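I'm opening my notebook on this structure and jotting down what I look up as I go. Here is what I had on screen.

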Amino acid sequence: MTLTSHRLASVFLSVPLAYLLLRATSLAAAESLAAADRPNIILIMVDDMGRDWVSCYGAKHATPNIDRLAAQGVRYETAWSMPICTPTRVTLLTGQYPFRHGWTRHYDVPRRGGGGLNWNRFTTFARVLRDAGYATAIGGKWQINDLSKQPDALKHHGFDEHCVWTGAEAGRPTTGQRYWDGHIMTNGRRETARYGPDKINDFLVDFATRERETPFLIYYPMLLVHGPHSTTPLNRDDPPKEKSNQYAGYVTYMDRLVGQLIAAVDRAGLKDNTVVIFTGDNGSSAAGQLLGEPYPKGKGGRADWGVHVPFIVRAPSLSRGGRVSRDLIDFTDLYVTMLDMASMDVPAGATLDGVSFVPSLRGGDDPFEKRNWIYSQIGDFRMIRDWHHILDSAGNFHDLDKDPRQEREVSPLDKMAPGRRQRLQMILDRFPADAEAPFPEFAAAPKQRRQKEK
Ligand SMILES: [Ca+2]
């Protein structure tokens with residue numbers, strides 16, 4: 001072979017090599033695009049904690065792990081849940097407002113009976129994602145089916161795996177424990193865990209690590225920081241006596257567990273392709289502080305402070321983070337947003353009330369892609385707000401910038417207010433009447449103004 005022909009040969013050889021290299025590069029790019037199209041999703045929802053216990057929102061109590069998440073993500077100033085557990089959970093699972101799904105009040109199915117959340121009627125976001133190939137797990141509290149009577153309920157609702165406190169089941173006193181000696185069911189097997197929240201967090205760390213090669217969904221409705229309040233593994237040797245200090249101890253421990261889960265995800269190399277959403281299911285059950293002022297106890301409250309919850313999203317594939325957003329979010333938005341994140345269309349025939357906040361995460365400023373009101377409901381009480389004003393079905397109307405405690409009439413000098421009120425009233429008026437109760441026992445349950453929640 002002459003030098004020339006050798007050169008020629010290497011040119012010919014190098015073509016397919018270059019082609020292969022190019023192809024390998026574009027395949028890798030395509031794979032990473034596909035991965036970005038289907039990020040892992042971790043939805044963390046604390047039980048009974050508003051913004052008044054989260055330091056990055058201006059609370060006195062320190063939550064370093066949540067603050068770190070906010071620094072790496074987008075922290076939303078204005079997100080609304082429902083005032084209490086059950087309506088919030090069914091709303092986020094179904095993507096529908098309470099007037100549409102009918103679970104308008106709190107109701108513990110394991111304790112009080114009834115058919116629970118009907119998988120023939122409702123398709124949860126978890127089921128949609130699982131059917132699209134996501135590995136799915138739930139850790140925490142369910143309470144909207146009786147798992148002793150419907151042991152496969154969580155599978156029907158879309159979860160491959162579970163590690164949950166079953167909720168206090170009628171006639172089975174040991175099931176009432178969720179913390180120390182907690183009654184925890186892991187993939188159908190019941191056991192007494194030394195400390196329930198640790199057991200669940202460890203399970204989720206294991207799940208995320210195991211499923212690192214598959215897109216996964218973790219729905220984490222945490223046990224903490226709900227009552228009964230006592231000690232955690234961090235303060236058991238020096239037990240706090242005051243209820244507010246016990247609650248504060250729970251917040252500290254919750255923050256630590258969140259930090260451990262996120263650290264495990266990051267250690268597994270999943271940070272860039274995992275969306276972490278952190279929020280709460282209703283206002284705090286112990287009054288905290290916000291921006292140096294005492295804040296009203298929120299849980300069950302028929303006011304902004306009952307439903308105005310922390311909402312933080314770390315989504316490196318969508319946002320560089322380190323941002324605070326005034327865009328409005330309510331709990332129906334989670335369903336459509338998670339589908340949007342997974343590059344999926346809304347299933348045909350589904351009625352969903354939410355708006356995806358993916359455009360907001362991307363930092364878009366098109367107002368037509370965003371909400372200009374958010375909504376919440378408990379029983380037959382309905383409320384709606386925009387960035388400044390709140391209006392409820394009892395006719396109360398307040399300026400939340402000037403009057404966050406909702407104590408004063410809006411000033412007649414505020415020329416913008418009447419138009420805003422009229423707009424909010426029109427939206428409230430357009431909503432339909434409440435759907436029928438989901439099952440007869442629910443309908444028969446007493447309609448207490450503030451039901452004691454277990
Ligand atoms: Ca709650």
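**Entry 1: the strand β8**

I started with Ile 44, which stands opposite Phe 278 in β8. For my own reference, strands (E, at least two residues) and helices (H or I, at least four) are DSSP runs, numbered from the N terminus. Two strands pair if DSSP finds at least two bridges between them.

Before going further I noted what I'm looking at: this is a predicted model, where local features need pLDDT of at least 70 and side-chain atom pairs count only at pLDDT 80 or more, while totals for chains, interfaces and linings use all residues. Residues are numbered from 1 along each chain as its sequence is written.

On to the next partner: β8 and β11 (311-314) pair in the antiparallel sense over 4 bridges. There, Thr 279 stands opposite Phe 311 in β11.

Is β8 buried or exposed? I found 7 of its 7 residues buried, so the rest of the structure largely encloses this strand. Buried means that 20 or more other C-beta atoms lie within 10 Å of a residue's own; 12 or fewer makes it exposed, in between is partly exposed, and the C-beta atoms are placed from the backbone. I also looked at which way the residues point: Thr 274, Val 276, Phe 278 and Gly 280 go one way, and Val 275, Ile 277 and Thr 279 go the other.

**Entry 2**

Zooming out, I found an open sheet of 10 strands in the order β6-β5-β4-β3-β7-β1-β8-β11-β2-β12, with mixed pairing. Its edge strands are β6 and β12 (323-330), each pairing on one side only. Neighbouring strands are turned by 20° against each other on average, direction ignored. Helix α2 packs on this sheet and touches β2, β8 and β11, its direction making about 60° with that of β11. My note on angles: axes are lines fitted to C-alpha atoms (for helices, over the stretch in contact), and angles run from 0 to 180 degrees between N-to-C directions. Helix α11 (residues 333-341) packs on the sheet as well, touching β1, β8 and β12, at about 160° to the direction of β1.

**Entry 3: helix α2**

Which residues of α2 (residues 64-72) are buried? They are Asn 65, Ile 66, Leu 69 and Ala 70. Down the helix axis they fall within an arc of 145° (taken from the directions from the axis to the C-beta atoms), so they line one face of α2.

Then I checked α2 against α9 (243-267). The two helices pack at an angle of about 50°, with their axes 7 Å apart. That makes them oblique to each other; under 35 degrees counts as roughly parallel, over 145 as roughly antiparallel, 65 to 115 as roughly perpendicular and the rest as oblique. The contact (C-beta atoms, placed from the backbone, within 7 Å) involves Pro 64, Asn 65, Ile 66 and Leu 69 of α2, and Asp 255, Arg 256, Val 258, Gly 259 and Ile 262 of α9.

**Entry 4: the core**

I looked up the largest nonpolar core and got 115 residues, with Ile 44 and Met 254 among those that have the most contacts inside it. A nonpolar core is a set of buried Ala, Val, Leu, Ile, Met, Phe, Trp, Tyr and Cys residues joined through C-beta atoms within 7 Å. The largest share, 11 residues, comes from α9. Leaving out residues up to four places away in sequence, Met 254 touches Val 46, Met 222, Leu 224 and Val 225.

**Entry 5**

My next stop was β4 (residues 161-165), where 5 of 5 residues are buried. Strand β3 (residues 135-141) pairs with β4 in the parallel sense over 5 bridges, and Gly 139 has Cys 163 as its bridge partner. On to β5: 3 bridges join β4 to this strand, and the two run antiparallel.

Where is Asn 187? I found Asn 187 in the loop between β5 (180-186) and β6 (189-195). Asn 187 is partly exposed, with 14 other C-beta atoms within 10 Å. Beyond its neighbours within four places in sequence, Asn 187 is in contact with Glu 161 and His 162.

Definitions and conventions: Contact = placed C-beta atoms within 7 Å.
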